Amino acid sequence: MDVRAANVVPKRASTPAQARGLVALDGAALVSGIATADDAVAFGTAMLGDRVVRIAPQFEATKASMEEAEPLVAAQPVDERGRKRMLGRYDLTQPAHNDGFGFGDFAPDHMFLWCDTPCTVGGSSFLIDALKLATILAAEDPQLADFLWDEPIDHSEPNFPQGDPEPIARFSPGGRAQVRSHPYQLPRVGPRETDHYPFVERWGMAVAEARSTGPRFRLEAGQMVCIDNYRMLHGREAYVDIDRKVVSIWAWTTSAINIPAGQLSIAEPVVPEPLAS
Ligand SMILES: [Fe+2]
């Protein structure tokens with residue numbers, strides 16, 4: 001089985017409507033010629049159209065911002081399952097992940113990565129269609145497929161409880177496929193924890209293999225990748241340039257499972273207040 005079939009190099013779109021179609025079809029689209037973060041938000045707003053409820057820049061991915069948040073996260077203790085939060089490092093390749101994974105149902109259902117200043121060396125991006133990966137794995141491993149879709153697991157981050165366990169792959173009440181991966185996933189605590197561990201591990205290893213062996217693409221200045229954050233995993237390689245700046249924009253639409261009332265903090269997460277309907 002070649003898990004790289006789940007990797008996606010985003011196709012180019014030149015208008016919000018083209019991007020809308022590509023995101024629906026492929027899970028992602030690439031656009032160019034976006035000069036500012038405000039323009040990036042405006043493009044994302046137009047792409048999501050009537051569905052958009054909330055869209056805002058979430059953070060600047062820079063060496064400086066990572067170093068600022070690092071001591072806050074380093075001070076957070078190991079949790080009762082032996083896990084320790086880490087924000088990741090600019091000089092290491094990221095694990096493939098859905099953004100906002102620690103917020104569970106409040107994670108953004110769409111996201112945009114707008115590149116202000118690329119890195120001269122490294123920093124290439126990758127995308128994995130997690131729905132496709134789960135489906136590829138299912139062809140050879142029906143037991144794993146059943147686990148991915150049917151068995152609730154612990155999606156929480158260390159010291160940041162998330163409510164009831166949920167399967168790795170599920171359909172939202174709004175009909176969206178959501179397939180998740182991040183470094184802290186574990187079986188739910190209970191009598192079947194040991195039996196479930198190999199399935200969670202196999203999922204993590206398949207994601208890691210797709211990440212490590214699949215194609216990359218570079219975000220150049222003014223380019224933005226539009227992403228279905230429920231279905232797709234993303235990440236970037238290590239980079240060296242301290243001037244590299246990519247802005248992550250998070251968006252929630254009418255088909256998001258839950259929508260926070262305000263800005264979320266990744267460095268010091270708290271359970272969000274839901275947006276009043
Ligand atoms: Fe991310």
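**View 1. Helices and strands of the predicted chain.** The chain of this predicted model contains six helices and 11 strands; helices (H or I, at least four residues) and strands (E, at least two) are DSSP runs numbered from the N terminus. Its radius of gyration, taken over C-alpha atoms, is 18 Å, close to the 19 Å given for 277 residues by the globule rule, so the chain is as compact as a globular protein of that length. That rule is 2.2 Å times the number of residues to the power 0.38. Residues are numbered from 1 along each chain as its sequence is written. Local features need pLDDT of at least 70, side-chain atom pairs count only at pLDDT 80 or more, totals for chains, interfaces and linings use all residues, and side-chain values use heavy atoms, without hydrogens and water.

**View 2. The largest nonpolar core.** This core has 24 residues; a nonpolar core is a set of buried (under 20% relative accessible area, 1.4 Å probe, protein chains only) Ala, Val, Leu, Ile, Met, Phe, Trp, Tyr and Cys residues joined through side-chain atoms within 4.5 Å. Among the residues with the most contacts inside the core are Ile128, Leu133 and Trp203. Strand E4 (125-129) and helices H4 (130-140), H5 (142-150) and H6 (193-213) each supply at least two of its residues. H6 gives the most, with six residues.

**View 3. The surroundings of Val179.** Beyond its neighbours within four places in sequence, Val179 is in contact (heavy atoms within 4.5 Å) with residues including Asn98, Ile168, Trp203 and Tyr230.

**View 4. The second core.** A separate core of 23 residues includes Phe106, Tyr230, Ala256 and Ile259.

Notes. Buried means under 20% relative accessible area, exposed over 50%, partly exposed in between (1.4 Å probe, protein chains only).
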